[in-house]
Amino acid sequence: MKSRLLFWVLRVSLVLMPLVASTSHASSTILVFGDSLSAAYGLQTEQGWPTLLAQRLKTERLPYQVVNASVSGETTAGGLTRLNQALLQHKPTIMILALGANDGLRGLPVDAMQQNLSSMLTLAKQQKVTVLLVGMKIPPNYGPQYTQAFQQTFSSLAQQFKINLVPFLLENVAGNPALNQDDGIHPTAQAQPIVLENIWPQLKKLLKAS
């Protein structure tokens with residue numbers, strides 16, 4: 001298990017091409033900026049929730065394309081170092097920011113994670129990018145003080161920056177062996193539509209507003 005987890009942390013899976021282009025020539029870009037939970041770790045790219053999102057947008061004839069810039073093993077510190085380039089390159093209208101899980105699994109200081117996320121949200125605001133913040137939870141074995149502070153970070157930032165929040169990316173998925181791969185961390189292909197349903201209600205509000 002330890003070696004498998006180490007492999008997961010070090011494995012990098014970066015997808016920077018649009019998953020599905022809208023039929024509209026005036027399509028806007030949704031940038032998915034996360035870690036392995038958004039990078040279809042252990043799956044085919046087309047099975048991951050970002051691709052399912054792109055397919056839904058196309059089906060509903062919404063003028064957006066999806067670019068998945070998620071990296072397996074990414075922390076908020078790593079995300080911060082590459083966000084500016086990603087924003088300049090893809091010029092998104094909306095960013096789905098789904099980082100923090102690896103900070104929690106490594107037991108990194110919550111204050112540092114909050115500062116990194118805050119810096120990313122500030123950068124997005126400066127570039128007039130609307131952000132959907134995606135929250136995460138960690139197992140209780142990290143201690144009640146750490147787990148509570150970790151979870152509270154996302155809601156606090158959403159209130160501070162007045163942005164939409166998905167409270168927990170893996171709602172109805174985490175802890176269910178039938179919906180997780182052998183490592184007990186990464187969702188299976190069968191779980192990806194559930195993950196998308198966790199995101200869609202909050203994202204849809206932003207699509208209407210764009």
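## Helix 3 against helix 5

In this predicted model, helix 3 and helix 5 meet along their sides through a set of named residues. From helix 3 come T76, A77, G79, L80, L83, N84 and L87. From helix 5 come M113, N116, L117, S119, M120, L123 and A124. By class, this contact has nine nonpolar, five polar and no charged residues.

How do the two axes lie? Helix 3 covers residues 76–90 and helix 5 covers residues 110–126. Their axes come within 9 Å and cross at roughly 10°. Angles under 35 degrees count as roughly parallel, and helix 3 and helix 5 are therefore roughly parallel to each other.

An α-helix has 3.6 residues a turn, so residues three or four places apart point the same way. In helix 3, the contact list includes L80, L83 and L87. In helix 5, the list includes M113, L117 and M120.

## Helix 5 against helix 6

Helix 5 also packs with helix 6, which spans residues 144–161. Their axes are 10 Å apart, at an angle of about 20°. Helix 5 and helix 6 are therefore roughly parallel to each other. Helix 5 passes helix 6 in a right-handed crossing.

Which residues of helix 5 and helix 6 meet? On helix 5 they are V110, M113, Q114, L117, S118, L121 and T122. On helix 6 they are Y146, A149, F150, T153, F154, L157, Q160 and F161. This contact has ten nonpolar, five polar and no charged residues. M113 and L117 are on the helix 5 list for helix 6, and they are also on its list for helix 3.

At 26% relative accessibility, S156 counts as partly exposed. S156 and Q114 are 42 residues apart in sequence, yet their C-alpha atoms are 9.2 Å apart in space.

## The sheet

The protein chain holds seven helices and five strands. From the N terminus, the elements run α-β-α-β-α-β-α-α-β-α-β-α. The five strands form an open sheet with parallel pairing, in the order 2-1-3-4-5. Strand 2 (64–68) and strand 5 (164–166) stand at the edges. Each has a single partner strand, so one side of each is left without a neighbour in the sheet. The twist averages 20° from one strand to the next.

| Strand pair | Sense | Bridges | A bridge pair |
|---|---|---|---|
| Strand 1 (residues 28–34) and strand 3 | parallel | five bridges | V32 and I96 |
| Strand 3 and strand 4 (residues 130–134) | parallel | four bridges | I94 and T130 |
| Strand 4 and strand 5 | parallel | three bridges | L133 and L165 |

Two of the helices described above pack on this sheet. Helix 5 lies across strand 1, strand 3 and strand 4. Helix 5 runs at about 175° to strand 3. Helix 6 touches strand 4 and strand 5. The direction of helix 6 makes about 160° with that of strand 4.

Is strand 3 buried or exposed? Five of the five residues of strand 3 (residues 94–98) are buried, so the strand is largely enclosed by the rest of the structure. Both faces are covered. I94, I96 and A98 are buried on one side. M95 and L97 are buried on the other.

A98 is also one of the residues touched by S38. S38 sits in the loop between strand 1 and helix 2 (49–59). What is its relative accessible area? The value is 1%, and buried means under 20%, so S38 is buried. Leaving out residues up to four places away in sequence, S38 touches V32, W49, P50, N68, S70 and A98.

W49 and P50 lead on to helix 2. In helix 2, W49, P50, T51, L52, L53, A54 and L57 are buried. Just after helix 2, R61 takes a positive phi of about 55°.

## The whole chain

Of the 210 residues of the protein chain, 52% count as buried.

Technical notes:
Residues are numbered from 1 along each chain as its sequence is written. This is a predicted model: local features need pLDDT of at least 70, side-chain atom pairs count only at pLDDT 80 or more; totals for chains, interfaces and linings use all residues. Side-chain values use heavy atoms; hydrogens and water are left out. Buried means under 20% relative accessible area, exposed over 50%, partly exposed in between (1.4 Å probe, protein chains only). Two strands pair if DSSP finds at least two bridges between them. Contact means heavy atoms within 4.5 Å. Axes are lines fitted to C-alpha atoms, for helices over the stretch in contact, and angles run from 0 to 180 degrees between N-to-C directions. Angles under 35 degrees count as roughly parallel, over 145 as roughly antiparallel, 65 to 115 as roughly perpendicular and the rest as oblique. Ala, Val, Leu, Ile, Met, Phe, Trp, Tyr, Cys and Pro count as nonpolar, Asp, Glu, Lys and Arg as charged, and the others, Gly among them, as polar. A crossing is left-handed if the near helix is turned anticlockwise from the far one by less than a right angle, and right-handed if clockwise.
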